[in-house]
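Hello,

Here is the structure I promised to pass on. Please have a look at it first; my notes follow below.

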Amino acid sequence: MGPGEVPAFPDFEWTLLPENYRYASRHIQKCNWLQALEGGFDAPNLTFLHAGENPDSTSGIVPSFYEVAACAFGFIVSTGRDFGKETISWNLNVRLMPFHKIIATTPHAAHMWDPIDDANTMLYSIDFQPHRPLNETEIARAASDDWIHSENLPNSDIGVRNKRNEYLIDRILQASGKSFTGLKGFGTQDCAIEESMGTLVDRSREHLLPGDAAIIKLRQLLLQALKDHEEGKPIPGGDPQSFRVCSIRYELTCDTNMAQLINTLVKVDIGSAA
Ligand SMILES: [Fe+2]
């Protein structure tokens, strides 16, 4: 889009893998793309929104530490949880400009929030294994709708669980304590929260808390990138090779200085599978 040369295609890890190494889906979110994207970097939602019997929601506590850094491909959002051990459990999530996130899970996963217009966003979701094909268990899990993928209405990009049917909320399940929301699937849970606040929320009326530290910093960095672009300065994401990174989790000693280390912890050797 726009004048100038078409930039080279970025080295997204999952795009460089054979087709059977990945599983992809897409569905439309009925909200502004920034609303959806910020939901993807809201660390405390793992503790509440996704809480229950989901295997990846055992974090139990909200993060105590937040460190966000700008870098060549975009931003790194790191959150640290203190479980009272000798280490801090760090979760580093990369945001690749302009709208891409890698998720530090097994298999690895990714989201792309692609704006359609101010009130609609196409969310692409991908599971992938960097070094081998996805196995039957992993494909079944992806297709089950329990994880990030959405089951769509026939011949559409609209989720079966959507705002019009209250995302098929199960109040009995919610009351049982097995699910904080009573909603099935990480993807549906995220979508419900991001859409139900309204398609385009007036952010001047919100009250941010310490748990929003990463979101605040992300907004500052995004506004800075827009300002730099307006002034003709380079912005993150211009170098295709800078995208050779992954999100990752670490147990690090309590005295670790994440601000100093953060840029060295997300590099990945991609392409060994090719
Ligand atoms: Fe989420």
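**Overall shape and confidence**

For 274 residues, a compact globule would have a radius of gyration near 19 Å, and the protein chain agrees, with 19 Å. Please keep in mind that this is a predicted model. Along its principal axes, the C-alpha trace spans about 55 × 50 × 45 Å. Buried residues account for 34% of the 274. Of the contacts between residues at least 6 apart in sequence, 63% join residues at least 24 apart.

Confidence first. The mean pLDDT of the chain is 89, and 95% of the residues reach 70 or more. Among the elements, strand E7 (residues 120-128) has the highest mean, 97. Helix H6 (residues 258-261) has the lowest, 88. Where pLDDT is low, the predicted coordinates should not be read in detail.

**Order of elements**

The protein chain holds six helices and eight strands. From the N terminus on, they run β-α-β-β-β-β-β-β-α-α-α-α-β-α.

**Helix H5**

Look at H5 (residues 213-230). This helix has 18 residues. From first C-alpha to last, H5 reaches 26 Å, close to the 26 Å expected at 1.5 Å a residue. Which residues of H5 are buried? Ala214, Leu218, Leu222 and Ala225 are. They cover an arc of only 70° around the axis, so they sit on the same side of H5.

What do the buried residues of H5 pack against? Their partners are strand E2 (65-71) and strand E3 (74-81). The face turned away from the buried side carries exposed residues: Gln220, Leu223, Lys227 and Glu230. After H5 comes glycine 232, with a positive phi near 80°.

Next, the hairpins. E5 (residues 100-103) and E6 (residues 108-117) run antiparallel and are joined by four bridges. Isoleucine 103 stands opposite alanine 109 in E6. The hairpin from E5 to E6 passes through four residues.

E6 also pairs with E7, again in the antiparallel sense, over nine bridges. Here proline 115 has threonine 121 in E7 as its bridge partner. The hairpin from E6 to E7 passes through two residues.

**Backbone points to check**

Most residues other than glycine have a negative phi, and most peptide bonds are trans. Here are the exceptions I would look at.

- Methionine 97 and proline 98 are joined by a cis peptide bond, with omega about 0°. Proline 98 lies in the loop between strand E4 (87-96) and E5.
- The peptide bond from threonine 106 to proline 107 is also cis, with omega near -10°. Proline 107 lies in the loop between E5 and E6.
- Glutamate 166 is not a glycine, yet its phi is positive, about 50°. Glutamate 166 sits in the loop between helix H2 (136-143) and helix H3 (171-176). With 13 C-beta neighbours inside 10 Å, this glutamate counts as partly exposed.
- Leucine 168 is not a glycine either, and has a positive phi of about 55°. Leucine 168 is found in the loop between H2 and H3.

Best wishes

Notes
Residues are numbered from 1 along each chain as its sequence is written. This is a predicted model: local features need pLDDT of at least 70, side-chain atom pairs count only at pLDDT 80 or more; totals for chains, interfaces and linings use all residues. The radius of gyration is taken over C-alpha atoms; the globule rule is 2.2 Å times the number of residues to the power 0.38. A residue is buried if 20 or more other C-beta atoms lie within 10 Å of its own, exposed if 12 or fewer, and partly exposed in between; C-beta atoms are placed from the backbone. Two residues are in contact if their C-beta atoms, placed from the backbone, lie within 7 Å. pLDDT is the predictor's confidence in each residue, from 0 to 100. The expected span of a helix is 1.5 Å times one less than its number of residues. The arc is that of the directions from the helix axis to the C-beta atoms. Two strands pair if DSSP finds at least two bridges between them.
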